[in-house]
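Here's a quick tour for someone meeting this structure for the first time. Have a look at the sequence and the model, then read on.

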Amino acid sequence: MSDIVISGSGLFIPPFTITNDELVEAYNTYANRFNEEHADAIASGETEALPLSSSEFIEKASGIKARYAMYKDGIVNPDIMHPVFPMTQEGATPEMVTMGVAAAREAMEQAGKTADDIDMVIVSSTFRQRDYPGMSVEIQRELGIKGFAYDMGIACSSATFGLINAYTALKAGTAKCVLFVNPEFTTPGLDFKDRDSHFIFGDVATAAILEPAETATSEHTFRILSTKQFTQYSDNIRCDASYADYCFENVPANRYAFKQQGRKVFKELLPLVTNFIENLLTENQLEASSLKRMWLHQANVNMNLFAVKKLLGRLPEGNEAPVVLDEFANTASSGSVIAFHRYKDDFKAGDKGLICSFGAGYSIGSLLVEKL
């Protein structure tokens, strides 16, 4: 049976950067106005005052310094506090398709593949702008790819699960070359009026080409040695929005927004992650020190440092576990693939690395890879 490889990767970076200072200025202006307008109710205990934010608080809590966004003006306007963009209509191209196509083109170029070489497209993402028709089928059309396409997702591990689905399709012989696309248009899913979460997400798209080793011609080729997946139900990270919301009265205005119980996530998820990675390495007769690099999920720098220290017995050095969330923020499921895309070119033949995501679900996904 053929070895399956990742032969190219792509990254689309949105046009706008939003710094912590810009977010904090907008949020604090909004919070101060709210507190002034509701001063009497706050004094009587009927309403809670909104706490203020700070760049120092954000960076200490998460490691995030900035994020990219498809739309900026509404987010940093204290009178609006959300992205402002045209509603998707029939005949118009959704942002997720535009983003995904751009990332896909780079992955195809890096892998040396044309549309004629590809017969399967997987779009895997946390967020969706439209339930149907599938974003994947629209991306397939935009790129001129024949064959078939489908959408999937499992929140924070959507990217790794998508890559693994591509791998298993190639192993099963149901595809000859797969384009994996991972557009994360996250900023509309944030409540920018919430001090504890207004800084978390950024927009991005990643992509990759997977194919049998014998058809790969790229110098950026990584053989997939092993894959592993895990899920365990938790609603500590959730979104309650539903296509059925129009059926109900008094639907909360922020029902669409991401919510999490951060302390519970940290306490419950990290042991699952470190045990998961240790088991994966044991199954492949490897030690953590055997890995040149761990391209980990990018949600919180403190979580990553904790996990790597547990695995290696020390803090990471150099680019052993590169951080990209300081620049990109939490990009839902994309972080580990961004890290792989940015920090893979120095690998030599035989060097091994681990792409690993973890988060909402709970879900954990990983691919153990080796440079050819």
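Glutamine 285 sits in the loop between helix 7 (262-283) and strand 11 (293-296); helices (H or I, at least four residues) and strands (E, at least two) are DSSP runs, numbered from the N terminus. The model is a predicted one, where local features need pLDDT of at least 70 and side-chain atom pairs count only at pLDDT 80 or more, while totals for chains, interfaces and linings use all residues. Residues are numbered from 1 along each chain as its sequence is written, and side-chain values use heavy atoms, with hydrogens and water left out.

Glutamine 285 isn't a glycine, yet its phi is positive, at about 55 degrees. Is it buried or exposed? With a relative accessible area of 76%, glutamine 285 is exposed. The cut-offs are simple: buried is under 20% relative accessible area, exposed is over 50%, and partly exposed is in between (1.4 Å probe, protein chains only).

Alanine 329 also has a positive phi without being a glycine, near 65 degrees. You'll find alanine 329 in the loop between helix 9 (325-328) and helix 10, and at 1% relative accessibility it counts as buried.

Helix 10 (residues 335-342) is mostly covered, with seven of its eight residues buried. Those are Gly335, Ser336, Val337, Ile338, Ala339, Phe340 and His341.

Ser336 turns up again as a neighbour of threonine 160, which lies in helix 6 (residues 158-172). Leaving out residues up to four places away in sequence, threonine 160 touches Ser336, Ile355, Cys356, Ser357, Gly365, Ser366 and Leu367, where contact means heavy atoms within 4.5 Å. Threonine 160 is buried, at 0% relative accessibility.

Now for the cysteines. How many disulfides are there? The count is zero, taking a disulfide as a pair of cysteine sulfur atoms within 2.5 Å. Cysteine 247 is in none, and the nearest cysteine sulfur, that of cysteine 239, is 17 Å away. Cysteine 356 is in none either, with the nearest cysteine sulfur, that of cysteine 156, 12 Å away.

| Peptide bond | Omega |
|---|---|
| tyrosine 132 to proline 133, cis | near -5 degrees |
| glycine 361 to tyrosine 362, cis | near -15 degrees |

Proline 133 is in the loop between strand 4 (120-124) and helix 5. Tyrosine 362 is in the loop between strand 12 (352-359) and strand 13 (363-371).

Finally, a helix pair. Helix 4 (residues 95-111) and helix 5 (residues 135-143) pack with their axes 10 Å apart, at an angle of about 55 degrees. Axes here are lines fitted to C-alpha atoms, for helices over the stretch in contact, and angles run from 0 to 180 degrees between N-to-C directions. That makes helix 4 oblique to helix 5: angles under 35 degrees count as roughly parallel, over 145 as roughly antiparallel, 65 to 115 as roughly perpendicular, and the rest as oblique.

Which residues of helix 4 meet helix 5? From helix 4 come Met96, Val97, Gly100, Val101, Ala104, Arg105 and Met108, and they meet Met135, Glu138, Ile139, Glu142 and Leu143 in helix 5.
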